[in-house]
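User: Can you walk me through this one? I'd like to start with the ligand.

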Amino acid sequence: MERLNIIASPDDPALARLCTQLAALEEMADDRWPAESLRLCAVAGVYRWFLPVEQGGLAWSEVDLLRAQLKLSAASLATTFILTQATGALKRLSAAGSDELRAEWLPAILSGERFCTLGISHLTTSRRHLAGPALRAEVAGALPQAPEDRGFVLDGLSPWVTGAAHADLVVTGAELSDGRQILVALPTALSGVEVDPPARLVGLSGSDTGAVRLKDVKLAEHYLLAGPMENVMQTASGAKTGGLQTSALAIGLAGRAIEFLEGESARRPELAEPAAGLRREQSLLVSDLLALAVGEEPCRADELRARANSIVLRAAQAALAAAKGTGYVVGHPAGRWCREALFFLVWSCPAPVMAANLCELAGISD
Ligand SMILES: Cc1cc2nc3c(=O)[nH]c(=O)nc-3n(C[C@H](O)[C@H](O)[C@H](O)COP(=O)(O)OP(=O)(O)OC[C@H]3O[C@@H](n4cnc5c(N)ncnc54)[C@H](O)[C@@H]3O)c2cc1C
């Protein structure tokens with residue numbers, strides 16, 4: 001393997017080299033956890049992009065992060081998706097953890113020695129229609145307490161945790177009986193934490209996504225990141241959900257499928273016009289994404305997401321159509337892109353995005 005340098009910017013040739021390696025590993029991954037790809041990303045300093053300089057980070061701007069994520073997702077969606085969950089957890093730890101907690105966890109996470117991930121969907125988009133919370137918290141012990149005894153007892157489950165079986169720490173949330181919520185960093189080594197075997201998925205099975213179950217887990221206050229408060233995901237610092245990166249990953253994957261179509265069109269002129277049309281649309285999405293990241297408003301973020309979902313589905317299917325029956329054989333990337341594109345219909349889809357997806361599928365325009 002080629003030696004990797006720390007990547008200094010999204011235009012650094014070292015990022016292009018990393019992407020080449022990730023794409024090659026992805027072809028061989030066969031739906032397995034991309035341990036080597038993640039190791040290469042850690043060595044190249046990818047986790048550091050997301051943290052402030054005083055915490056050992058490189059403090060990349062949102063635009064630079066999105067530009068890099070466009071490239072990474074075109075190379076390997078599985079690895080890039082896993083990174084979004086790991087860096088989501090890392091950012092919350094960085095923004096809301098105590099100095100002691102950060103000192104204990106950040107260096108090993110940045111180096112790739114330890115892995116952290118996110119399990120917050122039950123506070124945002126999963127199981128919201130059920131009567132009770134998926135994960136319950138109680139204040140531990142009788143009040144008043146000595147500081148060292150303060151903490152919470154957790155019971156229930158976090159239904160979707162990417163890379164759960166590989167995680168040393170899961171940033172998750174729970175609800176108290178009065179409706180207030182807490183956001184915590186949960187070490188998976190604690191007694192009472194159990195990880196389900198990963199679900200077999202339509203695509204991205206290599207993300208080893210599964211539920212984490214908690215039975216009478218005693219968590220010291222030291223691990224509290226935010227709360228107790230109402231709607232912790234909307235209010236807590238470092239807890240922002242959604243954002244533009246989901247769209248960036250969809251647009252990046254679409255770009256990869258279009259590149260395939262462009263490659264084929266060199267020998268098959270009938271593919272040139274659809275390839276060019278998709279490329280024009282994808283380029284506009286890239287510029288709208290980056291404009292939104294600097295605070296301009298070419299469109300709303302949820303509109304961008306709906307358009308990103310639309311193009312990734314169409315571009316992946318166009319690549320499959322161009323690859324014909326050969327593309328429908330397991331192992332050809334066009335089939336994988338189609339399965340991966342479907343993920344954007346269910347990943348982190350708040351109600352307006354879901355409504356827009358369904359209107360698009362029903363052929364209803366607004
Ligand atoms: C591969 C994968 C990886 C993921 N990784 C992560 C991760 O790392 N971290 C994270 O936090 N999240 C993750 N998610 C979660 C994701 O972002 C969404 O939260 C999740 O896809 C929501 O789906 P759900 O089935 O849980 O939704 P739910 O809303 O719970 O729907 C479940 C079922 O309930 C029924 N239902 C839904 N709404 C209603 C209603 N109003 N009334 C009656 N019945 C209803 C439907 O039949 C539906 O099939 C992941 C998801 C996937 C698929």
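**Around the ligand and beyond**

User: Which residues come nearest to the ligand?
Analyst: S121, S126, H129, W160 and T162 come nearest, out of 22 residues around the ligand. A residue is near a molecule or strand if its C-beta atom, placed from the backbone, lies within 6 Å of it. This is a predicted model: local features need pLDDT of at least 70, side-chain atom pairs count only at pLDDT 80 or more, and totals for chains, interfaces and linings use all residues. Residues are numbered from 1 along each chain as its sequence is written.

User: Which strands each supply at least two residues of that shell?
Analyst: Strand 1 (116–119) and strand 3 (151–161) each do. Strands (E, at least two residues) and helices (H or I, at least four) are DSSP runs, numbered from the N terminus.

User: What classes are in the shell around the ligand?
Analyst: The shell has nine nonpolar, eleven polar and two charged residues. Ala, Val, Leu, Ile, Met, Phe, Trp, Tyr, Cys and Pro count as nonpolar, Asp, Glu, Lys and Arg as charged, and the others, Gly among them, as polar.

User: Zooming out, how many helices and strands does the chain have?
Analyst: Twelve helices and eight strands. The C-alpha atoms fill a box of roughly 75 × 50 × 40 Å along the principal axes.

User: What share of the residues is buried?
Analyst: Buried residues make up 45% of the 366. A residue is buried if 20 or more other C-beta atoms lie within 10 Å of its own, exposed if 12 or fewer, and partly exposed in between, with C-beta atoms placed from the backbone.

User: Where are the buried residues of helix 11?
Analyst: Helix 11 covers residues 333–343, and its buried residues are A334, R336, W337, C338, E340, A341 and F343. They pack against helix 4 (77–96), helix 8 (245–265) and helix 10 (301–328). Two residues are in contact if their C-beta atoms, placed from the backbone, lie within 7 Å.

User: New topic. Are helix 1 and helix 2 roughly parallel or antiparallel?
Analyst: Helix 1 (residues 13–29) and helix 2 (residues 35–43) pack at about 170 degrees, with axes 9 Å apart. So they are roughly antiparallel.

User: Which residues meet there?
Analyst: L18, Q21, L22 and L25 in helix 1 meet E36, S37 and L40 in helix 2. That contact divides into four nonpolar, two polar and one charged residue.

User: What about the loop between helix 1 and helix 2?
Analyst: D30 lies in that loop. Its phi is near 50 degrees, a positive value in a residue other than glycine. Most residues other than glycine have a negative phi, and most peptide bonds are trans. D30 counts as exposed, because it has 10 C-beta neighbours inside 10 Å.

User: Which other residue has a positive phi although it is not a glycine?
Analyst: R127 does, with a phi of about 60 degrees. R127 sits in the loop between helix 6 (121–124) and strand 2 (135–139). It has 15 C-beta neighbours inside 10 Å, so R127 counts as partly exposed.

User: Where is the cis peptide bond?
Analyst: It joins G227 and P228, with omega about -5 degrees. P228 is in strand 8 (residues 224–229).

User: Last one: is K71 buried or exposed?
Analyst: K71 counts as buried, because it has 20 C-beta neighbours inside 10 Å. K71 lies in helix 3 (residues 62–75). Not counting residues up to four places away in sequence, K71 touches P10, L15, C19 and G252.

Conventions
Axes are lines fitted to C-alpha atoms, for helices over the stretch in contact, and angles run from 0 to 180 degrees between N-to-C directions. Angles under 35 degrees count as roughly parallel, over 145 as roughly antiparallel, 65 to 115 as roughly perpendicular and the rest as oblique.
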